[in-house]
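Morning, everyone. Let me put the chain up on the screen, and then we'll walk through it.

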Amino acid sequence: MIPSNDNTGGEERRTLWIVLLLNAAIAAGFFVSGYFADSSALIANGVDNLSDTAVYALSLVALTRGKTWKTRAAMASGVMLMIFAGGILIDVGRRYLQGSEPIGPTMMVMSVIAGGVNYLCLRLLQRLKEPDVNLRAATTFSFNDFISNGGILIAGVLVLWLGTNWPDLLVGFATAIIAIKGGVEILRDARAETKKSERRSS
């Protein structure tokens, strides 16, 4: 059951529960469709959304903790995103060497569904007033996901048109690069918050 409350903390908690459940559902959809479509891009985004689900769970716990704990949770989120990116690069390399036969129409349909879900998550997170470092990290995740979904749609069209796997591999690679960029931004934001807290306490 999604907890609700009238105060700001209650709104943040309710929003995080919604985006957590939506990300878990879309991750499952990516894994199933990626397996049957033999698509690196779909599986990459499935891992991404699964990683996001874990981060949202971490963010829920952080809501009841102090600022220091929240900053550490955000830093853990950034590191998780970098690890996820490394896994995707390995999968792309494996498919490049071993070959793959992605199915374009499946990629396109799944990208449209996921794009709608991730856009909803992004709008819900952007509506929160004065988000802390942890919630800003969550917003970065949803934005990255939405951009990646657009890449999958384009890759699906190219796979169907050209009959080759390189657009799928290219989007998988690009998803990893976007994740690395997002991870760096989250870590930078968390460090800035840490320095700000240190200045206030000194």
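Start with residues 102-125. The end C-alpha atoms there are 33 Å apart. The span is 92% helix and 0% strand. Helices here are DSSP runs of H or I, at least four residues, and strands are runs of E, at least two, numbered from the N terminus.

This is a predicted model: local features need pLDDT of at least 70, side-chain atom pairs count only at pLDDT 80 or more, and totals for chains, interfaces and linings use all residues. Numbering runs from 1 along each chain as its sequence is written, and side-chain values use heavy atoms, with hydrogens and water left out.

Now residues 169-187. That span is 100% helix and 0% strand, with 27 Å between its end C-alpha atoms. Both ranges come from UniProt, where an unreviewed entry lists "transmembrane region" for residues 16-37, 73-90, 102-125, 146-163 and 169-187. Such annotations may be inferred rather than shown by experiment.

Overall, the chain has 6 helices and 0 strands. Of its 202 residues, 47% are buried, meaning under 20% relative accessible area with a 1.4 Å probe, protein chains only.

What about the core? The largest nonpolar core has 38 residues, and Leu16 and Tyr56 touch the most other members. By nonpolar core I mean buried Ala, Val, Leu, Ile, Met, Phe, Trp, Tyr and Cys joined through side-chain atoms within 4.5 Å. Helices 1 to 6 each supply at least two of its residues.

Last, Leu16. Beyond four places in sequence, its contacts (heavy atoms within 4.5 Å) are Tyr56, Ser59, Leu60, Leu63, Leu125 and Leu135.

Technical notes
Buried means under 20% relative accessible area, exposed over 50%, partly exposed in between (1.4 Å probe, protein chains only).
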